[in-house]
Amino acid sequence: MPETSWKDSTSGRERVRYVVEILDEPTTVQEIADRAEVSRTTADDELGRLESDDWVRETTVDGKKAYDLNPVRTLFDEITNLIENNTREGLEARLTELVEEQETLSEEYEADSLSEFRRRLAADDLSADELRELRNVAETWEAVETETGLMRHALRMYDDVVELSSGTDAELTSQAS
């Protein structure tokens, strides 16, 4: 049985949205169109809709019209997903694990911040192996810091999101009746 391409199973607009969801930096309209396998006009039109819905922000790359994910929307989506997919206790347990991991790194490397790891990377007397190790630890520290921040935000917003979500679910259920 022949494999179906995504062009056969998704609309051009859906492909543009998919490409946008995985952007990691501002990207030109033409590059988005190329990745989505659509015309530039289709990509530009869908990106305009996504911008009006606050999913992306228009910017420029090398003087060309480009788009980037809206970081505020992305942050709220990540927090909402954490809350929807975890219990309060689960979030608290994960936060504890992250703090423990950061404390272990701090003790092992005698550093208390990402900037301290970055300063050490600039030292002249480090071998390539030592630089690689410090860079990996700095990247781990940064990832743990980011995830810790998300967990804290999710815990602060947990009750409000659950309450609002259950109100929406109840509304939807009553409307369906």
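The following questions and answers cover a pocket, the aromatic pairs and a nonpolar core in a predicted model.

Residues are numbered from 1 along each chain as its sequence is written. In this predicted model, local features need pLDDT of at least 70, side-chain atom pairs count only at pLDDT 80 or more, totals for chains, interfaces and linings use all residues, and side-chain values use heavy atoms, with hydrogens and water left out.

Student: How many nonpolar, polar and charged residues line the largest pocket?
Tutor: On a 1 Å grid over the protein atoms alone, a pocket is an open set of points where a 1.4 Å probe fits, with protein on both sides within 12 Å along at least five of seven lines, and lining residues have an atom within 4 Å of a point. Here the lining includes Arg-17, Glu-21, Leu-50, Trp-55 and Arg-73. Ala, Val, Leu, Ile, Met, Phe, Trp, Tyr, Cys and Pro count as nonpolar, Asp, Glu, Lys and Arg as charged, and the others, Gly among them, as polar. The lining divides into 4 nonpolar, 2 polar and 4 charged.

Student: Which residue lies over the face of Trp-55?
Tutor: A charge sits over a ring if NZ of Lys or CZ of Arg is within 6 Å of the ring centre and within 35 degrees of the ring normal. At 3.7 Å from the ring centre of Trp-55 lies Arg-73.

Student: How many aromatic pairs does the structure hold?
Tutor: Rings of Phe, Tyr and Trp (its six-membered ring) pair if their centres lie within 6.5 Å; planes under 30 degrees apart count as stacked, over 60 as edge-to-face and the rest as tilted. The number of aromatic pairs is 2.

Student: Why is the pair of Tyr-109 and Phe-117 given the type it has, and what is that type?
Tutor: The ring centres of Tyr-109 and Phe-117 are 6.1 Å apart. Their planes stand at 65°, so the pair is edge-to-face.

Student: Which residue forms a tilted pair with Phe-117?
Tutor: Phe-117 is buried (under 20% relative accessible area, with a 1.4 Å probe and protein chains only; exposed is over 50%, partly exposed in between), with a value of 0%. The tilted pair has 5.3 Å centre to centre and 55° between the planes, and the partner of Phe-117 is Trp-141.
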